[in-house]
Structures are given as C-alpha cells and as structure tokens.
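Let's take a friendly look at how two pieces of a protein chain sit side by side. Have a look at the model first.

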Amino acid sequence: MIRWIITIGVLFFPLISLAEPGIPAVTVTTAEDGGQSYTVTLQILALMTVLTLLPAALMMMTSFTRIVIVLAILRQAMGIQSTPSNQIIVGLALFLTFFIMHPVFNTAYLDGVQPYMDGEINISSAIGKTTQPFKEFMLAQTRESDLEFFANIAAYPDMETAQDVPFSLLLPAFVTSELKTAFQIGFIIFIPFLIIDLVVASVLMAMGMMMLPPILISLPFKLMLFVLIDGWILLMGTLASSFYI
C-alpha cells in the first residue's frame with residue numbers, strides 16, 4: 001500500500017525550476033548531465049501537496065470508475081437500495097482496483113520510483129518512467145473515437161503513434177470510455193433482473209393481486225438467481241478480465 005501511494009505521489013510530483021534564495025533548506029542542484037535534484041525539504045513539501053490529488057488520481061486514472069458504477073447498477077437492478085451499503089461498494093471497488101492495477105503500480109515503482117529513491121535518475125526521468133505504465137494502461141482501455149473527439153475539440157495536431165498522445169488529451173478520453181463501458185456492462189447485468197420483475201408483475205396482474213408490490217415478490221427470486229449462478233464470482237471475474245482482454 002505504501003509503495004502504491006509513493007508511486008502515485010511521484011506521478012504527480014511538480015517540477016519546480018527555481019528555489020527561493022533566502023531559504024537555504026530549499027535548493028535545486030543541477031547535475032553534470034543537466035538534470036536537477038531537490039532537497040529533502042522541497043520534496044516533502046511537494047509530496048504533501050500532491051497527496052490531495054490522490055483520490056482524483058485513483059478514481060480517474062485506474063479501473064475504479066468502471067467497477068464502482070457496475071456495482072451500483074447491480075444493486076439498483078436487484079432492487080435493494082441499501083444493501084450492500086455505499087461503504088461496502090466503495091471498499092470492494094477499491095480493493096478490486098488494487099488487484100487489477102497491481103502490475104501497473106509495480107512496474108511504475110520499479111522503473112521510476114525506486115531508481116529515483118536510490119539516486120540513479122533525476123526527478124524528470126522518474127516522472128516520465130512512472131507515468132509510462134499508467135499511460136499504456138489508459139491507452140489500452142480508451143476508444144479511438146473518444147480520443148479523436150477530444151483531439152478535435154482541442155485542435156490537436158495529428159499524432160502518428162499512441163505515445164504522442166498527451167495526458168491532457170488522454171485523461172478525458174479515458175474517463176469517457178470507462179463511463180461508456182461501465183454502462184454497457186451494467187445494461188447487460190440489468191436485463192435478467194428486469195425480466196424477473198416483468199414476469200412477476202404479469203403473474204400478479206393475472207391473479208388480480210394488483211395491490212401487492214411486485215418488487216416484494218421478485219426480490220427473493222432475484223436474490224436466489226444471483227446466488228445460484230455464483231453471481232459475485234462471475235461479476236468480479238468479468239470486471240477483472242475486461243481490462244486485460
């Protein structure tokens with residue numbers, strides 16, 4: 001967990017070109033190869049600043065968005081408004097996100113964070129190597145149509161390769177693609193439960209029991225169906241595999 005927090009922190013580490021001359025604890029040293037290194041005081045200050053961006057980075061640059069939306073749609077389809085609770089859904093989405101994103105976090109840490117902490121590379125190189133695994137993951141999940149849409153809005157020039165896509169263009173395209181994919185998965189999940197509701201409502205109307213809420217009768221059948229097909233395993237496996245197909 002600490003390794004992942006450090007990795008995301010370096011991902012958003014700000015590049016500061018000048019130091020205040022009146023504060024000796026905050027200095028920038030230029031190496032022979034042109035790279036710059038910063039004092040520990042400046043690094044800690046920047047790290048504490050970017051910690052405020054961690055929730056947004058976790059939601060917008062990982063698999064968290066797709067997972068939490070699908071789980072919320074599942075709860076709505078089953079007709080149980082408060083079970084599982086919001087805390088459980090967010091926690092489940094969070095830990096499943098760590099499971100899915102583990103290769104990305106690990107690669108970013110080994111390629112960018114660890115060499116920087118060992119003094120082998122400067123902060124500029126560390127940021128580039130740390131962001132590369134995230135960029136590859138996001139590009140793999142982003143639709144070309146979404147990239148083209150935002151590129152046209154921002155009037156970006158034509159990009160020859162995927163590596164030429166800037167983060168400012170990739171982030172909104174990735175979030176849009178994740179929202180679209182999440183709602184597509186949620187629609188497929190919703191259909192079986194909707195059929196059960198329609199069948200139960202039709203039977204109740206045929207029996208003249210129109211005063212009895214259909215949701216009260218269909219809920220046990222939906223729960224039984226979800227348990228019999230081992231729905232949680234199917235759902236978690238589908239969500240995890242959807243990022244690496």
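Which residues in helix 4 meet which residues in helix 8? On the helix 4 side they are Thr65, Arg66, Ile69, Val70, Ile73, Leu74, Gln76, Ala77 and Met78, and on the helix 8 side Glu178, Leu179, Thr181, Ala182, Phe183, Ile185, Gly186, Ile189, Phe190 and Phe193. Contact here means heavy atoms within 4.5 Å. Helices are DSSP runs of H or I with at least four residues, strands are E runs with at least two, and both are numbered from the N terminus.

A word on the source: this is a predicted model, where local features need pLDDT of at least 70, side-chain atom pairs count only at pLDDT 80 or more, and totals for chains, interfaces and linings use all residues. Residues are numbered from 1 along each chain as its sequence is written, and side-chain values use heavy atoms, leaving out hydrogens and water.

Now zoom in on Thr181, which belongs to helix 8 (residues 167-206). Thr181 counts as buried because its relative accessibility is 12%, and buried means under 20% relative accessible area with a 1.4 Å probe, protein chains only. Beyond its neighbours within four places in sequence, Thr181 touches Arg66 and Arg143.

For the chain, the mean pLDDT is 76, with 78% of residues at 70 or more. Residues 12-26 stay under 50. Where pLDDT is low, the predicted coordinates should not be read in detail.

Technical notes:
Buried means under 20% relative accessible area, exposed over 50%, partly exposed in between (1.4 Å probe, protein chains only). pLDDT is the predictor's confidence in each residue, from 0 to 100.
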